[in-house]
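The sequence and the structure are shown below.

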Amino acid sequence: MAFMKLLFLSVIDFGIQWILWGLASWLKTEKFYDLAGSSTFALIAFLAYKKYSTGHIRTKIQTTAILLWAVRLGFYLFSRVLKEGHDRRFKDAKEDPSVFFVYWTLQGVWVIVTLLPSLLVVMQRRQPSLSALDWLGWLMWLVGFVTEVVADYQKSQFRSNPANAGKFINTGLWSISRHPNYFGEILLWCGLFTSASSTFTNWEYLTILSPMFLTYLITQMSGVPPLEKYGLQKWGLLPEYRAYLKNTPVLVPYL
């Protein structure tokens, strides 16, 4: 039964990505890519709650956490790309529909896999009382969410200052992590898996692969690596940047 529900939500997820891929390819634009991803997160989470939830407080909190994250991140990224006029990740991809299709499809995978633990908990008919595991997970989500919001705010403020043109940020949270926004992102989704796992039995624990997939995606594919490469190309010869790389953790502060 859960499989058919997940299949239904997956069809909606990928249907949205592929329809918008067609529009984006025709217009040769990447400007609504991130907004589409965040909106799909919100839509799938909301649909799952409305169609399958018992209305238990656990499912309300879990769904609300996802909606808050999706709305905040979506508007932040959309406003940023509108302000900058482009997203350098897609400079070449948007010119080749087949390559662009891979990006949009990967976004669909990102949405459904990342949401999987939360979708399962929302679909659960058996909802035990809230436990320490629920509260631990939601605390992790809160710390991760605040970290991501503050890191994004600090970077946007830094970049909006003309005096910082062409410079790299190494203040605030960026002084203790080279990618604090991504650290927050990983932490908040690990938190939602933790809270969801309070209802899991048997094979459902395998959905720990969800935050593991997200961590791999961010640290090995689309998040950290291209930014590290860009930083080396732009500031790699500067002694102060070399010192920043040497003394500042890539992801987890103080590690």
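## Contacts, burial and cores

Beyond its neighbours up to four places away in sequence, Thr147 touches Leu173, Pro180, Phe183 and Gly184. The model discussed here is predicted. Thr147 lies in helix H5, and its relative accessible area of 15% makes it a buried residue, because buried means under 20%. Between the C-alpha atoms of Thr147 and Lys167 the distance is 22 Å, with 20 residues separating the two in sequence.

Helix H5, which spans residues 132-160, also holds Leu142.

Gln107 has a relative accessibility of 2% and counts as buried. Leaving aside residues up to four places away in sequence, its contacts are Gln17, Tyr33, Asp34, Ala36 and Gly37.

| Residue | Relative accessible area | Class |
|---|---|---|
| Thr147 | 15% | buried |
| Gln107 | 2% | buried |

The largest nonpolar core comprises 41 residues, and those with the most contacts inside it are Leu9, Phe41, Trp69, Leu115, Leu119 and Trp189. Two or more residues each come from helix H1 (2-27), helix H2 (33-52), helix H3 (57-84), helix H4 (97-123), H5, helix H6 (180-196) and helix H7 (209-221). The greatest contribution is that of H4, which supplies nine residues. Trp189 touches Phe41, Ile66, Trp69, Thr114, Leu115 and Leu214, with residues up to four places away in sequence not counted. There is also a second, separate core of nine residues, among them Trp174, Trp235, Tyr244 and Leu245.

Which residues of H7 are buried? They are Ser210, Pro211, Leu214, Leu217 and Ile218. These residues lie on the same side of H7, because they cover an arc of only 120° around the axis. The partners against which the buried residues of H7 pack are H4, H6 and helix H8 (224-235).

Terms used. Residues are numbered from 1 along each chain as its sequence is written. This is a predicted model: local features need pLDDT of at least 70, side-chain atom pairs count only at pLDDT 80 or more; totals for chains, interfaces and linings use all residues. Side-chain values use heavy atoms; hydrogens and water are left out. Helices (H or I, at least four residues) and strands (E, at least two) are DSSP runs, numbered from the N terminus. Buried means under 20% relative accessible area, exposed over 50%, partly exposed in between (1.4 Å probe, protein chains only). Contact means heavy atoms within 4.5 Å. A nonpolar core is a set of buried Ala, Val, Leu, Ile, Met, Phe, Trp, Tyr and Cys residues joined through side-chain atoms within 4.5 Å. The arc is that of the directions from the helix axis to the C-beta atoms.
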